[in-house]
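Dear colleague,

Please find the structure below. My notes on it follow directly after.

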Amino acid sequence: MTEGLSNKNKDLSWGVLVCGGKNRNRAVHGDVVVVELLPKSEWRGKDTALTEAQGEEKSGEEADSKPMPTGRVVGILQRNWRDYVVTFPPREGPQPQSRNSQRILAVPWDRRIPKIRISTQQADALQDHRVVVRIDSWESMSQYPNGHSVRVLGRAGELETEVQTILIENCIHVPPFSDAQLREMPVNSPERPWRMDPAQVTARRDLRDTHLVFSIDPRGCEDVDDTLSVRSLPGGELELGVHIADVTHFVTEGSLTDLEARSRATTYYLADRRYDMLPAVLSADLCSLLRGVDRYAMSVMWELDAQTLEVRNVWYGRTLIRSSYQLHYELAQALLNAEQAEVPELAGLGSEEKDAKLAELTQALEMLTHVARHLRAQRDRGGALELEGVEVRAQLDEERNITALVPRLPLEVHETVAECMIYANHWVARKIQEAFPHQALLRRHPPPRQEFFSQLVESAAARGFTIDTRTNKALAESLDRALDPQDPLVNRLLRIMATTAMSQALYFSTGLQSQDQYYHYGLALDRYTHFTSPIRRYADIVVHRLLSAAISMDTRAEPGRALASNKELEELAHHINNKNWASQRAQKLSTELFQCLYFKERDPQSDQRCVADAVIYAIRDNGVLVFVSEYGVKGPVYLRNREGQVVAAGRDGSCEWQSGSVRRHADHITTTSSCGTSTFTLFDHITIRISVRSTSCHADSLNLEVISNKPHRSAEPQQPPSQGRCQLVQEVVRLAEEASQQAQEKAARRPKLSREEREFSQSKTPNLYSLLEEIRELALLDLDMAAHVCATTA
């Protein structure tokens, strides 16, 4: 299996690729190889049968069984060997006692890697242990590479061993921060409290007493890197502010801390822990915009028209802030819903003062939501996609035992915060790209390949919906129409399929791409970057430095250090992209690990938590793929087993294995046995039992078994996850379109201009006389008022 064809010549009979799996020519996953293309008659398609190693669908291409270009490896250009985690399998029978090393075929945790021959005297002691090994050589006449052990992680199946395995397999190296790095950090302790530098106080715009600043984050969040503010201005306009932790003030470019952050590139979030990109004194303290403390920030502030919310002015700069409230999402949503909620910051206040401050906070949240709806409506008109992911959180007790798997419940306030962050990222992207056209770090999202949408289009058609994938706007509109009033999960599944078909978003240097390639397909924005999370993303630190340099150019000040060249920035973007992919894979594997741990200690035959409702979203030759919304699980359900038996459903829906046959159709699959014919159709709800399939050498996986072709009795209709927000956004879009239509009709009713008006652009009202009268009246005002009037009319 290979991926990533690279051939600049017109001759497509060969190519340079990256090996994607095991290969008989001694190529390992990740090696750069030369491949000779086979004749078209020998091309092969992907097997559409479910296999034990199959997880969720990766892309539309993998679901396509049409013959695909096929080749053979004829040479290896570059080895990309890394550390591998292997398991020493149990050994049968008594082993001879010898002091000499024993040669063992260790089984890699990654199924794509061939067995590795290890010489060791510890073979018996290391049975059923995870061991880190490195490949030394691969002899031309040998089927297996040779390697040596580096260190022992622990016994397979133990939590810490499995977590470390996930990190190593994804090339994630997160050692404790060194003493030299920590010595670069500022001190903040009871004995030596950190205080602001007077020079910084003078140089920055002080918002501490003029702006109500607050944060909205997940419950228990420690690294608060973004805060918001919104207020009405004296002239009637609105001011929206996004204030981001000023990490670059503390992390000097080229310092040891900066080099370590650059190497990590991101904070790694796993199900039960996180590995920070920056030392805790910054990530959880001095850079975290906690309530009630003074902090440095980088701010973007927009002056918006109160009626149309069009931008009249935008300001970028360094600020001083003091966050008044540290809200979590559920609390903010409760305040928006006018529900009874306790705000911790108001606990010790008197009744009148508490009511006044609560009203002020609620008004700010409502104003922020109003602005966010408008921003989302703007992007919707441009073709922004509302996609859906599968997010589940493991709820742990004090001893880190899993008590529940909790799917993420979408709230409108999630979208409110997200829209403000997207808006800030977009405007900062515009600023740095205009200042540095050939060396700005942006983020683009290429349009997906049309063939990746095949499963989405076919599944929607089976339910009577037509999905138009020609443009992002057409896709968004057709997904909005694909609503089943009887089953809200249908629309959610279609959006999950659309998300799966998407291309990866990438960081890039503007000097490498033409401007038409800057476009972000999912967000429908011409330019986009990451600015709002510098505590946990190194890309944002780079963007902060670019923004600081752009602001210095505006004030004609010295920009400081020379900026990275286009080539250096592109190399950095490639590194960050790779680390981001590794982070996403590790997070996904960590979630799957905890899902397995949750079910591993439960008896699937007696524990009702192992029985759940599942929805069929894809048909395969020997089974179906299902989605279990209660636990956020996607996986295969077999309708034919290895013995050739098939699932037969009785009249009451209960299923059992019987001899028979299975037949696949476009939108359903049937099994035929002595009991008759059973049919399983796309988007049917079935009842499944969840158990854990354990192996000694690889990661555990969930086993899904159908026990009834009817919905689970506890399954209740669910509210569409974002239907309320969709309706609000659509209402804003409708009102905007009506206003635009009224303006066009009004313009059409205007009297035709005379020749003088057309040639000299001299309108009758206001005319030159009236404009001079306005200037005369402004001359009678004080200077501050005159400047404000001029600014609001610009």
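Which residues have the most contacts inside the largest nonpolar core? They are Phe214, Ile216, Trp302, Leu327, Leu441 and Phe531, in a core of 89 residues. By nonpolar core I mean a set of buried Ala, Val, Leu, Ile, Met, Phe, Trp, Tyr and Cys residues joined through side-chain atoms within 4.5 Å; buried is under 20% relative accessible area, exposed over 50%, and partly exposed in between, with a 1.4 Å probe and protein chains only. A second, separate core has 58 residues, including Ile619, Val628, Val633 and Phe683. In soluble globular proteins, nonpolar side chains tend to be buried together.

Please note that this is a predicted model, in which local features need pLDDT of at least 70 and side-chain atom pairs count only at pLDDT 80 or more, while totals for chains, interfaces and linings use all residues. Residues are numbered from 1 along each chain as its sequence is written, and side-chain values use heavy atoms, leaving out hydrogens and water.

Leaving aside residues up to four places away in sequence, Phe214 touches Thr227, Leu228, Ser323, Tyr325, Leu361, Ala364, Leu365 and Leu368 (contact means heavy atoms within 4.5 Å).

Two helix pairs may also be of interest. Helices (H or I, at least four residues) and strands (E, at least two) are DSSP runs, numbered from the N terminus. Axes are lines fitted to C-alpha atoms, for helices over the stretch in contact, and angles run from 0 to 180 degrees between N-to-C directions.

Helix α9 (residues 454-462) packs against helix α11 (residues 489-501) at about 165 degrees, with the axes 8 Å apart. The two are therefore roughly antiparallel (angles over 145 degrees; under 35 is roughly parallel, 65 to 115 roughly perpendicular and the rest oblique). On the α9 side the contact is made by Gln455, Leu456, Ser459 and Ala460, and on the α11 side by Leu494, Met497 and Ala498. Five of these residues are nonpolar, two polar and none charged (Ala, Val, Leu, Ile, Met, Phe, Trp, Tyr, Cys and Pro count as nonpolar, Asp, Glu, Lys and Arg as charged, and the others, Gly among them, as polar).

Helix α8 (residues 412-435) and helix α12 (residues 538-554) pack at about 60 degrees, their axes 9 Å apart, and are therefore oblique to each other. Val428, Lys431, Ile432 and Ala435 of α8 meet Val543, Leu546, Leu547, Ala550, Met553 and Asp554 of α12. This contact has eight nonpolar, no polar and two charged residues.

Finally, Arg273 lies in the loop between β14 (268-269) and β15 (274-275). Arg273 is buried, with a relative accessible area of 17%.

With kind regards
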